[in-house]
Amino acid sequence: EGADTYVFRAEADSVVKVPIETGFTDADWVEIVTGLSAGDRIVTVGHGGLEAGTKIEDLTDANTASNEG
């Protein structure tokens, strides 16, 4: 898909491909200048092979619960 820079934003039980513009980057961080809003949830693990509309399951709560006990 060329040099487009994008992330997959979680919306309900699927993902939306969101074009972004990056700013400052270093070895650990990337500044997102445009494309996302505070509170947006993005896919950070298992995103290989995703397409817009791919169904997902939010494992955040499951991972948190398993780490507590």
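**Group meeting talk: strands, rings and pockets**

Of the 69 residues in this protein chain, 13% count as buried. Buried means under 20% relative accessible area, exposed means over 50%, and partly exposed lies in between, with a 1.4 Å probe and protein chains only. This is a predicted model, where local features need pLDDT of at least 70, side-chain atom pairs count only at pLDDT 80 or more, and totals for chains, interfaces and linings use all residues. Residues are numbered from 1 along each chain as its sequence is written, and side-chain values use heavy atoms, with hydrogens and water left out.

Start with the overall layout. The chain has 1 helix and 4 strands. From the N terminus, the order is β-β-β-β-α. Helices (H or I, at least four residues) and strands (E, at least two) are DSSP runs, numbered from the N terminus.

Now the β1 and β2 pair. Strand β1 covers residues 6-11, strand β2 covers residues 14-19, and 6 bridges join them in antiparallel fashion. Two strands pair if DSSP finds at least two bridges between them. Look at the partners. F8 has K17 as its bridge partner in β2. E11 stands opposite S14 in β2. The two strands form a hairpin with 2 residues between them.

One of the turn residues deserves a look. A12 lies in the loop between β1 and β2. Its phi is near 60°, a positive value in a residue other than glycine. Is A12 buried or exposed? A12 counts as exposed, at 83% relative accessibility.

Further along β2, find P19. P19 is in strand β2. P19 is exposed, with a relative accessible area of 61%. P19 and V7 are 12 residues apart in sequence, but 6.6 Å apart in space, C-alpha to C-alpha.

Strand β3 (residues 21-25) and strand β4 (residues 30-34) pair in the antiparallel sense over 3 bridges. A hairpin joins β3 to β4 through 4 residues. T25 stands opposite V30 in β4.

On to the rings. A pair of aromatic rings is described by the distance of the centres and the angle of the planes. How many aromatic pairs does the structure hold? It holds 1 aromatic pair. The rings of Y6 and F8 have their centres 5.6 Å apart and their planes at 85°, so the pair is edge-to-face. The cut-offs: rings of Phe, Tyr and Trp (its six-membered ring) pair if their centres lie within 6.5 Å; planes under 30 degrees apart count as stacked, over 60 as edge-to-face, and the rest as tilted.

Y6 is partly exposed, at a relative accessible area of 33%. F8 is buried, at 8%.

The charged end of K17 sits over the Y6 ring, 4.0 Å from its centre. That term requires NZ of Lys or CZ of Arg within 6 Å of the ring centre and within 35 degrees of the ring normal. Recall that K17 is also the bridge partner of F8.

Now the pockets. Rolling a probe the size of a water molecule over the atoms shows where empty space is left. On a 1 Å grid over the protein atoms alone, a pocket is an open set of points where a 1.4 Å probe fits, with protein on both sides within 12 Å along at least five of seven lines; lining residues have an atom within 4 Å of a point.

The largest pocket has a volume of about 390 Å³. A volume here is the space filled by probe spheres set on the points. This pocket is lined by 15 residues, and V43, E57, D58, L59 and T60 lie nearest its centre. The lining divides into 8 nonpolar, 4 polar and 3 charged residues. Ala, Val, Leu, Ile, Met, Phe, Trp, Tyr, Cys and Pro count as nonpolar, Asp, Glu, Lys and Arg as charged, and the others, Gly among them, as polar.

The second largest pocket holds about 180 Å³ of space. Which residues line the second largest pocket? They are Y6, V7, F8, I42, V43, T44 and H47. By class, that lining has 5 nonpolar, 2 polar and no charged residues.

Last stop, I56. I56 is in the loop between β4 and α1 (60-68). I56 is partly exposed, with a relative accessible area of 26%. I56 and V15 are 41 residues apart in sequence and 7.1 Å apart in space, C-alpha to C-alpha.
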